[in-house]
Amino acid sequence: MFTVFLQFLFSGLTVGAVYALVGMGFNIIYNSTSIINMAQGEFVVIGGLFMWFFSETVKLPFFLSAILTVLAAGFVGLLMERFTIKPLKSNDLLLMIMVTIAVSILMRGLLMFKFGKDPYSYAPFTEGEPLNIAGAVIQQQTLWVIGITACCIVLLFLFFNRTMMGKAMRACAVDTTAAKLVGINVSRVVMISFILSAMVGAIGGIAITPISLMEYDKGPMLAVKGFCAAIMGGLGRGRGAVIGGFAIGILESMTAGYIHSGMKDAVALVIMLAILFFRPAGLFGSVAMSKLRKF
Amino acid sequence: MLILKNVEVYYGKIHAVKHVSLHVRKGEIVALIGANGAGKTTLLSTISGLIRSSSGNILYEGSEISGRNPDAIVKLGISHVPEGRHIFKTLSVEDNLLLGSYHRYSFRKSGPVKKDMEKMYAMFPILAKRKKQLAGTLSGGEQQMLAIGRALMAEPRLLILDEPGTGLAPTIAKEIFSHIVRLRDDHGLTVLLVEQNARSALKIADSGYVIETGRIILQGSAEELLLNRDVQRAYLGRDLDTESPL
Ligand SMILES: Nc1ncnc2c1ncn2[C@@H]1O[C@H](COP(=O)(O)OP(=O)(O)O)[C@@H](O)[C@H]1O
Ligand SMILES: [Mg+2]
């Protein structure tokens with residue numbers, strides 16, 4: 001009984017880790033621009049598919065492939081910002097969000113063009129026997145996913161709280177006028193936030209693909225789950241997205257295990273609706289803060 | 001130090017600043033007074049690059065700065081404390097000050113910046129006490145001090161202040177004003193000051209301009225303006241008609 005529970009818990013933590021990364025990606029961009037980037041899920045797909053491309057087709061070593069993949073994703077983020085977000089320079093957030101939807105559709109099209117509709121996978125990072133904890137079987141890749149997510153969380157935390165650039169990005173989110181007046185190049189901060197969130201998404205994609213496979217159209221579902229994670233924790237709050245991501249992952253896996261696997265994807269949507277109805281500021285966000293926001 | 005020549009600013013079709021020329025000399029406090037909606041904030045924002053002028057020249061230390069971005073203008077030594085303070089509310093007091101030094105900060109040479117932070121804390125001891133607090137939790141006066149401290153962290157030679165005393169208790173406003181005087185006298189800072197309370201602004205200023213519906217209608221030394229009947233009637237709250245009938 002407990003063994004089964006543990007099994008579900010670990011599989012929940014694994015997907016939850018990716019939701020958390022997607023959720024943090026949402027937050028990074030939201031925090032410096034108030035835009036909700038609907039192409040966030042595509043960066044995860046890019047992570048998985050590019051990693052496959054570099055390691056299986058070009059046959060580059062693992063580390064190099066991973067680095068190239070993350071850089072490539074960052075470059076896609078940069079292109080997206082420079083060619084769609086920056087030229088528009090609009091204050092109409094709804095319009096900007098629609099643009100990100102358009103970009104996500106375009107990206108999906110290009111990915112399908114290059115990779116087709118098949119799911120892709122590659123070998124786990126380390127080979128070896130799965131671990132056995134109280135009877136539950138845990139693949140080594142699961143630990144990689146959780147470990148890498150934890151590293152990303154810590155690094156992002158340090159970046160936003162300890163470095164000048166990170167503080168400048170937060171400053172832009174709080175008050176764009178004041179950020180300009182202290183000499184922050186706001187346009188560059190927006191660009192960096194797109195690069196950074198693309199990279200975070202890609203890292204998630206690289207880590208999860210050996211477990212759950214990756215195909216060109218996985219983006220929207222990941223975006224919905226990640227978005228749900230972000231609003232569950234209160235949009236814009238780093239820690240909130242992490243807790244929200246893991247919570248949704250675990251709830252999903254429990255639902256699939258104890259109720260029915262067909263219900264799995266409904267969990268995030270139900271949670272999202274419930275939060276939007278009853279607590280729009282998120283479980284951890286403050287109501288006062290959310291009133292100050294544009295979105 | 002700062003010369004504006006025939007500056008025009010529009011918000012779409014609204015002509016907010018009309019043909020404004022003014023001159024701020026080095027080491028002076030120059031007061032810009034005028035009623036609500038006269039165009040004071042617009043003019044200051046144009047100088048610091050937040051808003052673009054449609055024509056005219058803005059010369060700072062001899063070079064044209066109109067059309068440049070705010071981050072370039074801050075680098076040249078102009079710091080703008082905006083109306084409503086605009087502190088980074090969800091960041092700590094310390095981070096607010098640190099961000100003030102953004103344009104000159106380098107990780108490897110953070111020594112001078114740290115020293116300047118200590119200077120700010122010496123100037124505004126209350127900020128030292130509140131270092132770790134979120135800036136949004138400060139009182140109005142403290143927020144104004146923080147906004148000024150943050151602007152000073154940029155090492156400006158020209159400080160632009162937009163209504164630093166508005167919304168503060170009179171004693172606190174007085175304290176802020178005495179800081180402004182000290183910045184000029186002890187640090188040689190040049191100040192362009194906008195203030196609703198025309199009397200207290202003109203009292204500490206060397207010269208002043210009066211702006212009405214986007215136009216400079218009067219200029220002169222601070223004493224002249226304080227004694228000017230039109231200024232007294234319109235901005236100093238003296239009703240000369242009832243004081244001296246006939
Ligand atoms: N963002 C804006 N868009 C359109 N009109 C504006 C804007 N800001 C100010 N104005 C108008 O420009 C004029 C000058 O405003 P402002 O510079 O704020 O005056 P002041 O600071 O002297 O009170 C006012 O008539 C105001 O309505
Ligand atoms: Mg004003």
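Predicted model: local features only at pLDDT ≥ 70, side-chain atom pairs only at ≥ 80, totals over all residues.
View 1. Strand β1 (residues 2-11) of chain B and strand β4 (residues 55-60) of chain B run antiparallel and are joined by five bridges. Strands are DSSP runs of E with at least two residues, helices are runs of H or I with at least four residues, and both are numbered from the N terminus. Two strands pair if DSSP finds at least two bridges between them.

**View 2. The open sheet of chain B.** Four strands of chain B make up an open sheet in the order β2-β1-β4-β5, with antiparallel pairing. The edges are β2 (14-24) and β5 (63-64) of chain B; each has a single partner strand, so one side of each is left without a neighbour in the sheet. Strands of a sheet pair through backbone hydrogen bonds, either parallel or antiparallel.

View 3. B:Lys89 lies in the loop between β6 (78-81) and α3 (93-100) of chain B. The residue is partly exposed, with a relative accessible area of 47%; buried means under 20%, exposed over 50% and partly exposed in between, with a 1.4 Å probe and protein chains only. Apart from neighbours within four places in sequence, B:Lys89 is in contact (heavy atoms within 4.5 Å) with A:Val174, B:Leu134, B:Ala135 and B:Gly136. B:Phe107 is 18 residues away from B:Lys89 along the chain, and their C-alpha atoms are separated by 24 Å.

**View 4. Fold of chain A.** Chain A has twelve helices and two strands. The order of its elements from the N terminus is α-α-α-α-β-β-α-α-α-α-α-α-α-α. The radius of gyration of chain A, taken over C-alpha atoms, is 19 Å, close to the 19 Å from the globule rule (2.2 Å times the number of residues to the power 0.38) for 295 residues, so chain A is as compact as a globular protein of that length. Its C-alpha trace spans about 60 × 45 × 35 Å along the principal axes. Buried residues account for 49% of the 295 residues in chain A. Of the contacts in chain A between residues at least 6 apart in sequence, 74% join residues at least 24 apart.

**Notes.** Residues are numbered from 1 along each chain as its sequence is written, and chains are lettered from A and ligands numbered from 1 in the order in which they are written. Local features need pLDDT of at least 70, side-chain atom pairs count only at pLDDT 80 or more, and totals for chains, interfaces and linings use all residues, while side-chain values use heavy atoms, with hydrogens and water left out.
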